[in-house]
Amino acid sequence: MNFLPLIFLWLVACSDALYFHMWETDVKCFVEEVPDETMISGKYKVELYQDATESFVAQQGVGMHVEVKDPDRKQILSKFYTNEGQFVFTTHTPGEHYICLSPNSTRWFSGGSRLRVHLNIDVGEHANDYKQIQAKEKLSELQLRVRQLIEQVDQITKEQNYQRIREERFRFTSESTNQRVLWWAVAQTCILLIVGYWQMRHLKGFFEAKKLV
């Protein structure tokens, strides 16, 4: 089996960097589909649009509320941050996790100001700060590289297991749908037979009453 496409897609999905515009009353949500026991790290920076300079600048007092829910819509994280920060959480259930961002800036200004939010989301071992790990555990470059490779293999294994779970769910859904279609066809056939039998009895009674037979 060729795992190169899977590994390529996994490497692409491990880090998402973007920026987007929003108003102070907006809520922006992102979905990360990941296996269980996976660390997700998000770094963000909020900038406020200034009419005088016609540009976005960092503004103190413009914070961000981050809320994370698991596939069962159970809250994993709910916290207020400053205009620039980082949030980290670990998944416990495989599936789609919802990361929602909303400004908490209405206490400082009003009027629907426009914001620009820079967001970078890292998944799996990409969420680890290996420089900090190396300094804390006093690892050599070789030891650090070996650890990175081990964690990459572990993450790929988790992704493969999650894909198997998705495949099982899809197969169960397909089998359930096929079974329902089969029973619906059987029910339609039974209904047609019953209606045909009733029509034959009705016509027979009609002809007998008219003494045509």
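Helices (H or I, at least four residues) and strands (E, at least two) are DSSP runs, numbered from the N terminus. This is a predicted model, where local features need pLDDT of at least 70 and side-chain atom pairs count only at pLDDT 80 or more, while totals for chains, interfaces and linings use all residues. Residues are numbered from 1 along each chain as its sequence is written, and side-chain values use heavy atoms, with hydrogens and water left out.

**The chain as a whole**

- Of the 213 residues in the chain, 29% are buried. Here buried means under 20% relative accessible area, exposed means over 50%, and partly exposed is in between (1.4 Å probe, protein chains only).
- The chain exposes about 14,600 Å², with carbon and sulfur atoms supplying 57% of that. These areas come from the Shrake-Rupley method with a 1.4 Å probe; for residues, only the protein chains shown count as cover.
- Take the contacts (heavy atoms within 4.5 Å) between residues at least 6 apart in sequence: 73% of them join residues at least 24 apart.

**The nonpolar core**

- The largest nonpolar core has 22 residues, and Tyr44, Val66 and Phe87 have the most contacts inside it. A core of this kind is a set of buried Ala, Val, Leu, Ile, Met, Phe, Trp, Tyr and Cys residues joined through side-chain atoms within 4.5 Å.
- At least two residues of this core come from each of strand 1 (15-23), strand 3 (39-50), strand 5 (64-69), strand 6 (75-81), strand 7 (84-90), strand 8 (95-103) and strand 9 (114-123).
- Strand 9 gives the largest share of this core, 5 residues.

**The disulfide**

- There is 1 disulfide, counted as a pair of cysteine sulfur atoms within 2.5 Å.
- Cys29 and Cys100 make that link, with their sulfur atoms 2.1 Å apart. The link of Cys29 and Cys100 is right-handed, at 105° about the S-S bond.
- The pair links distant parts of the chain: Cys29 sits in strand 2 (residues 28-34) and Cys100 in strand 8, 71 residues apart.
- Cys29 has a relative accessible area of 46%, so it counts as partly exposed. Cys100 is down at 15%, so it counts as buried.
- Cys190 is partly exposed, with 38% relative accessibility.

**Salt bridges**

- Side chains of opposite charge can pair when their charged atoms come close. The rule used here asks for a side-chain nitrogen of Lys or Arg within 4 Å of a carboxyl oxygen of Asp or Glu, and the count comes to 4 salt bridges.
- Lys45, Glu47 and Arg116 are linked in a network of these bridges. Within it, Lys45 meets Glu47 at 4.0 Å, N to O, and the closest N and O atoms of Arg116 and Glu47 are 3.0 Å apart.
- Arg116 lies in strand 9 and Glu47 in strand 3, so their pairing ties together parts that are 69 residues apart in sequence.
- Glu47 is buried at 9% relative accessible area, whereas Lys45 is partly exposed at 29%.

- Helix 3 covers residues 141-209. Arg166 in helix 3 and Glu33 in strand 2 are 133 residues apart, yet they form a salt bridge, with their closest N and O atoms 3.5 Å apart.
- Both partners are partly exposed: Arg166 at 37% relative accessibility and Glu33 at 33%.
- Tyr162 is also in helix 3, and its relative accessible area of 3% makes it buried.
- Leaving aside neighbours within four places in sequence, Tyr162 is in contact with Glu33, Val34, Pro35, Pro94 and Gly95. The C-alpha atoms of Tyr162 and Pro35 are separated by 5.5 Å, although these residues are 127 apart along the chain.

**A nonpolar patch on the surface**

- Leu142, Val146 and Ile150 form a nonpolar surface patch with about 310 Å² of accessible area together. Patches are made of residues with over 30% relative accessible area and no salt bridge; like charges are joined within 9 Å, and nonpolar side chains (Val, Leu, Ile, Met, Phe, Trp, Tyr) within 5 Å.
- Ile150 is found in helix 3 and counts as exposed, at 54% relative accessibility.
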